[in-house]
Amino acid sequence: MTRSWTAALFTALILAHLPAPARADPALSPAGRKILPAEVVTYLDRRIGCNHWSGEDAYDAARGRQIAAAVKTLRCDAIEADEKRLQQRYGRDPAVRKALDAAAHAEG
């Protein structure tokens, strides 16, 4: 092997053994899905999707259409109102409050 190939291989092996960067996982665990009301779980999935698509770049017309379609399908224009409704309905449930707060700040 050449010196540059050996160095690249060595670097790749070292990087493969480093821990992944810490990142909040917005996905609900199966246990979390079981303890929360179904409408809250549906909202959380939508919220995470809206967070994701709102951060996407429409680098061409086709990508812009893809983003617009996802935002429309997820009903992102109503996401804030839906969150307020759920907070009013389930505001006394600490698990729901925690899940709503986490989803609002998740990157998606």
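Trainee: Which helix is lysine 84 found in?
Mentor: Quick caveat: this is a predicted model, so local features need pLDDT of at least 70 and side-chain atom pairs 80 or more, while totals for chains, interfaces and linings use all residues. Residues are numbered from 1 along each chain as its sequence is written, and side-chain values use heavy atoms, without hydrogens or water. Helices here are DSSP runs (H or I, at least four residues), numbered from the N terminus. On that count, lysine 84 sits in helix α5.

Trainee: Is lysine 84 buried or exposed?
Mentor: Go by relative accessible area (1.4 Å probe, protein chains only): buried is under 20%, exposed is over 50%, and partly exposed is in between. Lysine 84 comes in at 56%, so it counts as exposed.

Trainee: How far apart are the C-alpha atoms of lysine 84 and leucine 100?
Mentor: Leucine 100 belongs to helix α6, where it is one of the residues that meet α3. Along the chain, lysine 84 and leucine 100 are 16 residues apart, and their C-alpha atoms are separated by 9.9 Å.

Trainee: Which residues in α3 meet α6?
Mentor: Contact means heavy atoms within 4.5 Å. On the α6 side, you'll find Val96, Ala99, Leu100, Ala103 and Ala104. Meeting them from α3 are Val40, Tyr43, Leu44, Arg47 and Asn51.

Trainee: And α5, which residues there meet α3?
Mentor: Start from α3, which brings Glu39, Val40, Tyr43, Arg46, Arg47 and Cys50. Facing them in α5 are Ile79, Glu80, Asp82, Glu83, Arg85, Leu86, Arg89 and Tyr90.

Trainee: How many salt bridges does a search of the whole structure find?
Mentor: A salt bridge takes a side-chain nitrogen of Lys or Arg within 4 Å of a carboxyl oxygen of Asp or Glu. Searching the whole structure for such pairs gives seven.

Trainee: Which residue is linked with Glu39 and Arg89 in a network?
Mentor: Glu39 and Arg89 are both among the residues in the contact of α3 with α5. The network of salt bridges holding them also takes in Arg85.

Trainee: How far apart are the closest N and O atoms of arginine 63 and glutamate 56?
Mentor: Arginine 63 has a relative accessible area of 12%, so it is buried. Glutamate 56 is partly exposed at 28%. In their salt bridge, the closest N and O atoms are separated by 2.1 Å.

Methods. Helices (H or I, at least four residues) and strands (E, at least two) are DSSP runs, numbered from the N terminus.
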